[in-house]
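This report covers strand pairing and a nonpolar surface patch in one protein model. The sequence and structure follow.

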Amino acid sequence: FFLNDRWSLNKNFSFNIGVRYEDIASKSQSGIPTIGSDSIVPRLGATYDVRGDGKYKFDVTYSQYSGKATANQFGAISPSGNPSLAYGYYVGPDGLGADFAPGYDLNNYVFYYFSNPTATKKIDKSLKTPKTEEIGVAAAMALSNGGYLKLSYQRREMSDFIETFIDHTTGLAPAVVGPIDGGVTEYQYITNSSVPQRKYEALLLEGKYRIMDNWSVAGNWTWQLKNEGNFEGESGQSPAIDSLFG
């Protein structure tokens, strides 16, 4: 849902006030954790028209953008394509060959790792989707023949990244895979984190000019000032996950 209003105070000042409500929810078969998240994000702006005739303008904007919960991250909770597994090493008698019976006896193995997507993974009930905060400042001037020239500064900072944690605070889950009962193992806990960081700053120059009634030229140039952080943010064709915590 989106609401927006533009308010003209006088011929020099105008304001843009907007707010957006976003709701994300998932449904799945019994036993698979689901996500429910909602966000209220603003769109605010102010414009100063120097002469009140549209020739020279200055803009200041503040916005927030709600991200998404990626399918490749939450798909790890489903048993589809993620079978339950138990890792172990063999400690039985020596032997070789496909017909070596002790090699098929589970009692001859010591199991040390267990994973059951529907039992060993859980989602923070208060989890939120990632958020991007953007601040912009721009100066523009109108040219003849319907043209314009605009210089902008943009600053973006991302927060509330979704990460998977496995530590002593996530609790313990039954480690049962088929006939193998390994007691308990750590939960893989999906929640928000403020540790990953991603910051971006840039200057943008854009313009347009109509040469003739049927021809116009336009162009833009971006000068990146900052693009840094400890979270890459992309992995192949999908957003990256678990970049810091494994």
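Two strands count as paired if DSSP finds at least two bridges between them. The model described here is predicted. By that criterion, an open sheet of 8 strands is present, with antiparallel pairing and the order 1-2-3-4-8-9-14-15. Strand 1 (2-8) and strand 15 (215-229) are its edge strands, each pairing on one side only. On average, neighbouring strands of this sheet are turned by 10° against each other, direction ignored.

| Strand pair | Residues | Bridges | Residue and partner |
|---|---|---|---|
| Strand 11 and strand 12 | 172-177 and 180-186 | 5 bridges | Pro 174 with Val 184 |

Strand 11 and strand 12 form a hairpin with 2 residues between them. In the turn, Gly 178 has a positive phi of about 60°.

The surface carries a nonpolar patch of about 1200 Å². Its residues are Leu 143, Leu 149, Leu 151, Leu 205, Tyr 209, Ile 211, Met 212, Trp 215, Val 217, Trp 221, Trp 223 and Leu 225. Strand 9, strand 14 (198-212) and strand 15 are the elements that give two or more residues to this patch. Strand 15 supplies the largest share, 5 residues.

Tyr 209, one of the patch residues, lies in strand 14. Tyr 209 has a relative accessible area of 32% and is partly exposed. Patches are made of residues with over 30% relative accessible area.

Notes. Residues are numbered from 1 along each chain as its sequence is written. This is a predicted model: local features need pLDDT of at least 70, side-chain atom pairs count only at pLDDT 80 or more; totals for chains, interfaces and linings use all residues. Side-chain values use heavy atoms; hydrogens and water are left out. Helices (H or I, at least four residues) and strands (E, at least two) are DSSP runs, numbered from the N terminus. Axes are lines fitted to C-alpha atoms, for helices over the stretch in contact, and angles run from 0 to 180 degrees between N-to-C directions. Patches are made of residues with over 30% relative accessible area and no salt bridge: like charges are joined within 9 Å, nonpolar side chains (Val, Leu, Ile, Met, Phe, Trp, Tyr) within 5 Å. Accessible areas come from the Shrake-Rupley method with a 1.4 Å probe; for residues, only the protein chains shown count as cover. A salt bridge is a side-chain nitrogen of Lys or Arg within 4 Å of a carboxyl oxygen of Asp or Glu. Buried means under 20% relative accessible area, exposed over 50%, partly exposed in between (1.4 Å probe, protein chains only).
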